[in-house]
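Subject: Handover of a model, with notes

Hello,

I am passing this structure on to you.

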Amino acid sequence: MSHGNELHCFIRPVSLICLVLVLSMSPACYAQIDFGRDVQPILAAHCYACHGPDAQAREADLRLDQREAAVDLYAIVPGEPNESELVVRITSDDADLQMPPAEHKKPLSEQQRQVLIQWIEQGAEYSRHWAFEPIDKAAPPEVKNAAWPRGPLDRFVLAELERRGIAPAPEADRTVWLRRVTQDLTGLPPTIEALDAFLADKSTDAYEQVVDRLLESDNYAERMATIWLDNARYADSNGFQFDNTRKMWPWRDWVIEAYR
């Protein structure tokens, strides 16, 4: 298999990967509950305000952000959800016992309760933030339609599709593929000239050349920079009180240049 075809295979399932990730976000999809992925967000949103790291706001001397502290006070009894005070409180109908308290107006959903119960049942293991965990290389899963994957990445996508009973979509033609990859990497549609050149290119690395060209373009750098700028609430003016200007464009240009 040529390198160009391998790259073609890598780009082709990007949309499918996004779909698989979205469909798999619900903790109910996982047999094994993961603390960082499934439990931490629930505790942070509903519990840490009163039972977290802030000693001034902490109530009942209970910390749920540390396993040892929670276990010592029997809020969590690993493997025994029915013996865990946390489960008693989150499932209680008694307003004096129920957690989170009704006045906090942050009730748990039934799914969130089940996640916490299942987590405790499985041993209530804590973990560090995913960014501090070592990366494990996952072995590509076995698939039924062994002729479809062209590379390891495809096997992960196909395995999830097969698990859900979904057949892969037909392969996109060159025109559709070019539109997708150009819009994904630059936020813009391909030009007529780019389309004509790609359709006329019969080389084995035609797809790779397109991706390399897009990654080297200013449009790609600007596309990626907008994500950071939006998250940082970038603006050329203050926008709230007097809307006076501020000199923020050097940082904007620095981000774009970093990607370029």
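Below are the notes, from the overall fold down to single residues.

**Ground rules**

This is a predicted model: local features need pLDDT of at least 70, side-chain atom pairs count only at pLDDT 80 or more, and totals for chains, interfaces and linings use all residues. Residues are numbered from 1 along each chain as its sequence is written, and side-chain values use heavy atoms, with hydrogens and water left out.

**Overall**

The chain has 13 helices and 0 strands. Both kinds of element are DSSP runs numbered from the N terminus: helices are H or I with at least four residues, strands are E with at least two. Buried residues make up 32% of the 260 residues. Buried means under 20% relative accessible area, exposed means over 50%, and partly exposed lies in between (1.4 Å probe, protein chains only).

The accessible surface of the chain is about 17100 Å². Carbon and sulfur atoms hold 55% of that surface. Areas come from the Shrake-Rupley method with a 1.4 Å probe, and for residues only the protein chains shown count as cover.

Now contacts, meaning heavy atoms within 4.5 Å. Take those between residues at least 6 apart in sequence: 51% of them join residues at least 24 apart.

**Cores**

A nonpolar core is a set of buried Ala, Val, Leu, Ile, Met, Phe, Trp, Tyr and Cys residues joined through side-chain atoms within 4.5 Å. The largest one has 23 residues. Val-39, Leu-64, Ile-76, Leu-116 and Trp-119 have the most contacts inside it. Helix H3 (35–46), helix H6 (85–90) and helix H7 (110–121) each supply at least two residues of this core. H7 gives the most, with 5 residues.

What does Leu-116 touch, not counting residues up to four places away in sequence? Its partners are Val-39, Ile-42, Leu-43, Ile-90 and Leu-108.

A second, separate core has 12 residues. Leu-178, Val-210, Val-211 and Tyr-220 are among them.

**Aromatic rings**

Rings of Phe, Tyr and Trp (its six-membered ring) pair if their centres lie within 6.5 Å; planes under 30 degrees apart count as stacked, over 60 as edge-to-face and the rest as tilted. By this rule there are 8 aromatic pairs.

One of them is Trp-177 with Tyr-207, an edge-to-face pair at 4.5 Å centre to centre and 85° between the planes. Trp-177 lies in helix H9 (residues 174–186) and Tyr-207 in helix H11 (residues 206–215), so the pair ties together parts 30 residues apart in sequence. Trp-177 and Tyr-207 are both buried.

Tyr-220 is buried at 15% relative accessibility. Tyr-259 is partly exposed at 30%.

Phe-35, Trp-119 and Tyr-126 form one aromatic cluster.

The charged end of Arg-174 sits over the ring of Phe-198, 4.6 Å from its centre. The rule asks for NZ of Lys or CZ of Arg within 6 Å of the ring centre and within 35 degrees of the ring normal.

**Cysteines**

The structure holds 0 disulfides, a disulfide being a pair of cysteine sulfur atoms within 2.5 Å. Cys-47 is in none; its nearest cysteine sulfur, that of Cys-50, is 8.9 Å away. Cys-47 is buried, with a relative accessible area of 10%. Cys-50 also counts as buried, at 14%.

**Two loop residues**

Is Ser-92 buried or exposed? Ser-92 is buried, with a relative accessible area of 12%. It lies in the loop between H6 and H7. Leaving aside neighbours within four places in sequence, Ser-92 is in contact with Leu-97 and Gln-98.

Glu-59 is in the loop between helix H4 (48–51) and helix H5 (67–72). Glu-59 counts as partly exposed at 44% relative accessibility. Residues up to four places away aside, Glu-59 touches Cys-50 and His-51. The C-alpha atoms of Glu-59 and Ala-49, 10 residues apart along the chain, are separated by 9.2 Å.

Best regards
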